[in-house]
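Please walk through this model with me, one contact at a time. Keep the structure open while you read.

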Amino acid sequence: MKILIIEDEAELAKQITSYLKGEEYLCEVAVNYATGLEKLLLYQYDCILLDLMLPDGEGLQLLKYIKEQKITTGVIIISAKNSIEDKVSGLQIGADDYLAKPFHLAELSARIYSIIR
């Protein structure tokens with residue numbers, strides 16, 4: 001299974017990648033909006049982990065693009081923004097799940113499994 005991690009926090013992206021590789025997932029990382037969009041245009045993924053606050057764009061705009069293009073890949077928002085309004089907005093736009101930072105990697109893995117099964 002192939003996972004795209006769109007996350008600008010290098011250490012967190014590294015931790016997620018390391019953990020998920022141990023769970024037999026193939027992971028690619030995009031550190032900003034532009035790279036995330038580029039990877040979405042070039043490759044197919046089984047799940048996307050999407051941060052909302054990226055240095056060159058808003059994650060919700062990327063989510064809107066994913067939905068407009070009818071990309072059916074499951075999307076889990078991973079964000080430090082954890083208000084009810086942020087969660088509801090992300091889910092209404094089309095995210096499959098919303099996980100507030102900080103989170104346990106085992107929980108993230110379980111949520112990914114839930115989406116791709």
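H2 passes H3 in a right-handed crossing. A crossing is right-handed if the near helix is turned clockwise from the far one by less than a right angle, and left-handed if anticlockwise. Helices (H or I, at least four residues) and strands (E, at least two) are DSSP runs, numbered from the N terminus. This is a predicted model: local features need pLDDT of at least 70, side-chain atom pairs count only at pLDDT 80 or more, and totals for chains, interfaces and linings use all residues. Residues are numbered from 1 along each chain as its sequence is written, and side-chain values use heavy atoms, with hydrogens and water left out.

The axes of H2 and H3 are 11 Å apart, and the packing angle is about 15°. H2 is therefore roughly parallel to H3. Angles under 35 degrees count as roughly parallel, over 145 as roughly antiparallel, 65 to 115 as roughly perpendicular and the rest as oblique. Axes are lines fitted to C-alpha atoms, for helices over the stretch in contact, and angles run from 0 to 180 degrees between N-to-C directions. From H2, Tyr33, Leu37, Leu40 and Leu41 meet Gln61, Leu62, Tyr65 and Ile66 of H3. Contact means heavy atoms within 4.5 Å. By class, this contact of H2 with H3 has 7 nonpolar, 1 polar and no charged residues. Ala, Val, Leu, Ile, Met, Phe, Trp, Tyr, Cys and Pro count as nonpolar, Asp, Glu, Lys and Arg as charged, and the others, Gly among them, as polar.

H3 also packs against helix H4 (residues 84-93), at about 20° with axes 9 Å apart. H3 and H4 are therefore roughly parallel to each other. Leu60, Leu63, Lys64 and Lys67 of H3 make this contact with Ser89, Gly90 and Ile93 of H4. By class, the contact of H3 with H4 has 3 nonpolar, 2 polar and 2 charged residues.

The largest nonpolar core has 18 residues. Such a core is a set of buried Ala, Val, Leu, Ile, Met, Phe, Trp, Tyr and Cys residues joined through side-chain atoms within 4.5 Å. Buried means under 20% relative accessible area, exposed over 50%, partly exposed in between (1.4 Å probe, protein chains only). Those with the most contacts inside this core are Leu4, Ile6, Ile48, Leu50, Leu63 and Ile77. Two or more residues each come from strand E1 (2-6), helix H2 (33-42), strand E3 (47-50), helix H3 (59-68) and strand E6 (74-79). H3 gives the largest share, 4 residues. Beyond its neighbours within four places in sequence, Ile48 is in contact with Leu4, Ile6, Leu40, Ile66, Thr73, Gly74, Val75 and Ile76. A second, separate core of 16 residues includes Ile16, Leu49, Leu99 and Ile116.

Next, the loops. Between helix H1 (10-22) and strand E2 (26-30) is Tyr25. Tyr25 counts as buried because its relative accessibility is 10%. Not counting residues up to four places away in sequence, Tyr25 touches Met1, Ile3, Leu20, Ser109, Ile112, Tyr113 and Ile116. Glu24 is in the loop between H1 and E2. Glu24 counts as exposed, at 66% relative accessibility.

Finally, the backbone. Most residues other than glycine have a negative phi, and most peptide bonds are trans. Glu24 has a positive phi of about 75°. Lys70, in the loop between H3 and E6, has a positive phi near 60°. The peptide bond from Lys101 to Pro102 is cis, with omega near -10°. Pro102 is in the loop between strand E7 (97-100) and helix H5 (105-116).
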